[in-house]
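The tour goes from one selection to the next.

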Amino acid sequence: MLLRRTTTLTNQLLLRCHLTTTTAAATPNPITPVNQDHLLRVCTILFQQQNSPESRLHSKLTSTHFQLTHEFFLRVCNTFPLSWRPVYRFFLFTLKTHPTFTHTSVSLNKMLDIIGKSRNIDLFWNLLEDTARHGLANHRTLLIAYRTLGGARELKKCVELFHLMSSNGYDYNVVTLNKVVEGMCGWKLVEEAKYLVSKLREWVRPDGVTYKHLIIGYCEKGDLIEASRVWNSMADEGFKADVDAVEDMMEIFFKRNEYGEGLKLFQTMRLKRMDELGLSTYRLVIKWLCTKGRMSEAREVFEEMRERGIRIDNLTLGSVVYGLLTKHRVREAYEIVNRIDAPDVSVYHGLIKGLLKLRRAGEATEVFREMIRRGCEPTMHTYVMLLQGHLGRRGRKGSDPLINFDTIFVGGLVKAGRSKEATKYVERVMNRGLEVPRFDYNKFLHYFSNEEGVFMFEEVGKKLREVGLVDLADILERYGQKMATRDRRRNRPRITEDTNCLSEKTEDTNDR
């Protein structure tokens, strides 16, 4: 049962009195060690007695004789990240029994964040008002408030909050509005942000940065229609679109396979704002042109970059390498890689992905070995790509349970305490005549990312070598070494098999 409204108002009076007497003298509290036994005892009491009368709860807490510090209060808050009642009642206890203890913006923001996540909007709003009126609100408070109120669709309170802060001495202008809009769009609250901008237009006029955040927010949401409307409104008011906004619009066109519209936008930028085009814009266009195999157009853009003196990075070169491989121009792809002084993971990923698309899993594994020899550490995406290339998207099904990936995956789910997911997966496998599940290599690798997984990958590697799957054994054993403890990772041996370097393999690739 929620706290009664009368009790809340009475407690708010106590809060106001306390903050009034301590605001002037408020100073940051030093970090002091927290007694873990006292913390456990206090949190236990708060959990067990959270619905008890105030006198009983206060009596229990007082009998523990703990030392109340700023750090102690924050640790209590961290113990109940989504439960407002224990934290709020402990807050009231500190006001009543520790009059010399001073709450700061940090502690109040922490409590507001917890109450906001609990969706107790009435209590959240009352505390927010008190915090603002006593000068303890800051930029962090504002972001917490808009994330909470916007997420709860309290749109009128969002507008009212801006006026509340302004009426209590906070100089909020278009810069602050832009920070709020950027935060709300980052939390997928772009509709609420647009509403706030429209309602505050009379007091704070939006600028080009405001529109940029809204356009990016709608693009990330995938709403091209609303993004275009905001774009048109921005143009009507005489603002030029920021390059970041242009890139987001182009990317959403590309993702929706509307390449014509995306390239039109790029062409417009080339004609009217060529000086503003930089590496990120060219990289985006080249990436999507190479993905679609339009290598002649990608080459034109690439040459334009070089003529303008823009340094070409490895991400762009990785996209070019992949595009060439999709067109079976293997020799050219290898030549580009061999000319790079310090290839990174993006270059190797482009090469591996392209070779796997050509169904050259063995050659992709050679690239994997080469990147390790050059000191480029593979990522999870590297292992997932290679496993899919060797085993297909549905995994390997064999009679030996040690190399049967269904058995390994289910065992990993059980060891990770995911018995329910394991049961669901087994049910889907049993109904394979109706539905063939796609094997989840990400989960497979994640559930065995521990010391048990190290032993399992070693055993599976031995079995794979016995049946002649040397490439697959190397991949899994390497992943097992990566997931070992720090000392084992430091002392792990390098792959020493006699394999040809990339430059040596260039001569043979076109003969296959």
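Contact here means that heavy atoms lie within 4.5 Å. The model is predicted.

Start by selecting helix α13, residues 224-236. At 1.5 Å a residue, its 13 residues should span 18 Å, and the end C-alpha atoms are 18 Å apart, which agrees.

Next, colour the buried residues of α13: Leu224, Glu226, Ala227, Val230, Trp231 and Met234. Turn the view to look down the axis of α13; these buried residues fall within an arc of 165 degrees, so they line one face of the helix. An α-helix has 3.6 residues a turn, so residues three or four places apart point the same way.

What do the buried residues of α13 pack against? Show α11 (190-199), α12 (208-221), α14 (243-255) and α15 (259-272): these are the helices they pack against. Then look at the other side of α13, where Ile225 and Asp236 are exposed.

Now go to the ends of α13. Aspartate 223 caps the N-terminal end, with a side-chain oxygen 3.4 Å from the backbone nitrogen of isoleucine 225. Just after the helix, select glycine 238, which has a positive phi of about 90 degrees.

Is threonine 64 buried or exposed? Its relative accessibility is 9%, so threonine 64 counts as buried, the cut-off being under 20%. Display Arg41, Val42 and Ile45 as well: threonine 64 touches these, leaving aside residues up to four places away in sequence.

Technical notes
Residues numbered from 1 in each chain as written. Predicted model: local features only at pLDDT ≥ 70, side-chain atom pairs only at ≥ 80, totals over all residues. Heavy atoms only, no water. Helix = DSSP H or I, 4+ residues; strand = E, 2+ residues; numbered from the N terminus. Expected span 1.5 Å × (residues − 1). Buried < 20%, exposed > 50% of the residue type's maximum accessible area, 1.4 Å probe, protein only. Arc of directions from axis to C-beta. Polar contact = N/O pair within 3.5 Å; in protein donor to acceptor, adjacent residues only side chain to side chain.
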